[in-house]
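Keep the 3D view open while you read.

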Amino acid sequence: MQDILRVEGLSLSFTQYTTGLHQRELTVLHDLSLTVSSGQVVAVVGASGSGKSLLAHAILGLLPYNSHMSGRILYAGQPLTPKRAQALRGQEIVLVPQGTTCLDPLMQVGAQIRRGSRTAEAVQKCREALKRYGLGQETEQMYPFELSGGMARRVLIATAAMERPRLVVADEPTPGLDARSAKRMLGHFRELAEAGAAVLFITHDLELALTVADQIVVLYAGETIEQTTPDRLRHPYTRALWQALPQNGFHTLPGTQPYPGEITQGCQFAPRCPICRADCRKRAHIPYRQTDTGHIRCLYDGEDET
Ligand SMILES: Nc1ncnc2c1ncn2[C@@H]1O[C@H](COP(=O)(O)OP(=O)(O)O)[C@@H](O)[C@H]1O
Ligand SMILES: [Mg+2]
């Protein structure tokens with residue numbers, strides 16, 4: 001399997017202006033690493049504010065002008081600069097965005113899926129894409145306000161799948177959908193992977209991630225804390241998320257993740273961690289070390305300790 005996407009030590013900060021002309025750098029992503037291969041669905045799981053959308057935007061070269069990025073993003077082995085991302089966006093690399101507001105309210109759905117093209121081939125491809133996602137031909141003539149939330153989401157996927165993408169980044173594509181529609185939506189991403197795409201599926205829902213993904217990547221306070229297979233959750237935070245699921249007893253974890261600006265040295269999860277030891281806070285930085293199923297940012301293997 002070829003790594004289609006490789007993110008290595010990605011950090012991202014924003015220049016912010018405070019009172020007067022004082023500037024400060026607010027770091028929101030730090031040392032974020034992950035890989036996605038062709039044919040794989042990799043789920044990125046994280047609470048709200050953990051940096052999921054910024055990661056998606058960094059990959060697609062859509063970051064705001066006042067942001068500074070360091071680290072590397074490789075696509076098919078070559079650096080994915082914002083310029084290259086822009087050239088590939090909408091064709092080889094597609095984003096299924098978090099909101100449906102990106103649909104143009106004044107343009108019929110068919111024209112949006114075809115990106116304005118009227119060639120017989122584009123019309124045919126558009127009809128096939130609509131059909132594949134359970135949307136009738138009449139959808140072509142509809143305007144976005146005539147679509148239900150679920151239909152709008154399927155239109156976004158149909159748009160993304162038009163050009164046989166090699167990398168699909170889906171930013172929380174399922175909120176507001178009932179469990180059945182969400183599962184069906186996930187089936188569509190699985191099909192794209194089976195057709196050879198690498199799929200990065202971003203969600204705050206661990207349960208959903210575990211049902212669909214080949215690998216999961218967990219974000220905490222802008223950092224990757226683990227990449228692993230769904231059957232081997234190791235990091236104490238991932239395990240806490242799992243124990244908080246209703247079927248596992250609803251064991252909630254007190255506290256919240258630190259916000260950007262509250263990042264300290266050592267492990268960001270230490271204040272909430274059931275297996276934390278003194279050195280977890282003392283180390284300047286916790287390394288992202290390799291395991292037999294992926295990577296973990298924990299000095300102690302959660303699996304052995306809890
Ligand atoms: N343009 C920006 N300027 C400053 N901070 C930002 C900007 N965009 C996002 N952030 C901050 O970065 C963090 C991660 O945001 P985001 O990636 O949207 O989180 P998620 O998608 O996981 O909910 C949040 O704390 C958010 O407030
Ligand atoms: Mg988001």
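This is a predicted model: local features need pLDDT of at least 70, side-chain atom pairs count only at pLDDT 80 or more; totals for chains, interfaces and linings use all residues.

Begin at ligand 1. Which residues come nearest to ligand 1? The shell around ligand 1 has 13 residues, and Gly-49, Gly-51, Lys-52, Ser-53 and Leu-54 come nearest. Backbone atoms make several polar contacts here. A backbone N or O atom of Gly-49 sits 2.7 Å from an oxygen atom of the ligand. For Leu-54, a backbone N or O atom is 2.9 Å from a ligand oxygen. At Ser-50, a polar backbone atom and an oxygen atom of ligand 1 are 3.3 Å apart. How much of ligand 1 does the protein bury? Taken alone, ligand 1 exposes 560 Å², and the protein buries 68% of that. Two elements give two or more residues each to the shell: strand 1 and helix 1. Helix 1 provides the largest share, three residues.

Now move to the magnesium ion, ligand 2. The OG atom of Ser-53 and the OE1 atom of Gln-98 coordinate this ion, at 2.1 to 2.5 Å. The two residues are 45 residues apart in the chain. Ser-53 belongs to helix 1, residues 52-60. Gln-98 lies in the loop between strand 6 (93-96) and helix 3 (109-113). Are these two residues buried, exposed or in between? Ser-53 has 22% relative accessibility, so it counts as partly exposed. Gln-98 is partly exposed too, with a relative accessible area of 37%.

Strand 1 covers residues 3-17 and runs antiparallel to strand 2, with 11 bridges joining them. Look at Leu-5 for one example: its bridge partner in strand 2 is Val-36.

Strand 10 is mostly covered, with six of its six residues buried. Strand 9 (residues 215-220) runs antiparallel to strand 10, and five bridges join the two. Leu-219 has Thr-224 in strand 10 as its bridge partner. The two strands form a hairpin with two residues between them. In the turn, Ala-221 has a positive phi of about 50 degrees. Strand 10 also pairs with strand 12 (residues 295-296), in the antiparallel sense and over two bridges. There, Glu-226 has Ile-296 in strand 12 as its bridge partner.

Finish with the cysteines. How many disulfides does the whole structure hold? A search finds zero. Take Cys-126: the closest cysteine sulfur, in Cys-102, is 16 Å from its own sulfur, so the pair is too far for a bond. Cys-126 is buried, at 0% relative accessibility. Cys-298 is in no disulfide either, with the nearest cysteine sulfur, that of Cys-273, 6.1 Å away. The cut-off for a disulfide is within 2.5 Å. Cys-298 is also buried, with a relative accessible area of 9%.

Technical notes. Residues are numbered from 1 along each chain as its sequence is written. Chains are lettered from A and ligands numbered from 1 in the order in which they are written. Side-chain values use heavy atoms; hydrogens and water are left out. Two strands pair if DSSP finds at least two bridges between them. Helices (H or I, at least four residues) and strands (E, at least two) are DSSP runs, numbered from the N terminus. Donors are N, O and S atoms within 2.8 Å of the metal (3.2 Å for Na, K and Ca); water is not among the atoms, so sites may look incomplete. Buried means under 20% relative accessible area, exposed over 50%, partly exposed in between (1.4 Å probe, protein chains only). A residue is near a molecule or strand if one of its heavy atoms lies within 4 Å of it. A polar contact is a pair of N or O atoms within 3.5 Å; within protein, one must be able to donate a hydrogen and the other to accept it, and residues adjacent in sequence count only if both atoms are side-chain atoms. Accessible areas come from the Shrake-Rupley method with a 1.4 Å probe; for residues, only the protein chains shown count as cover.
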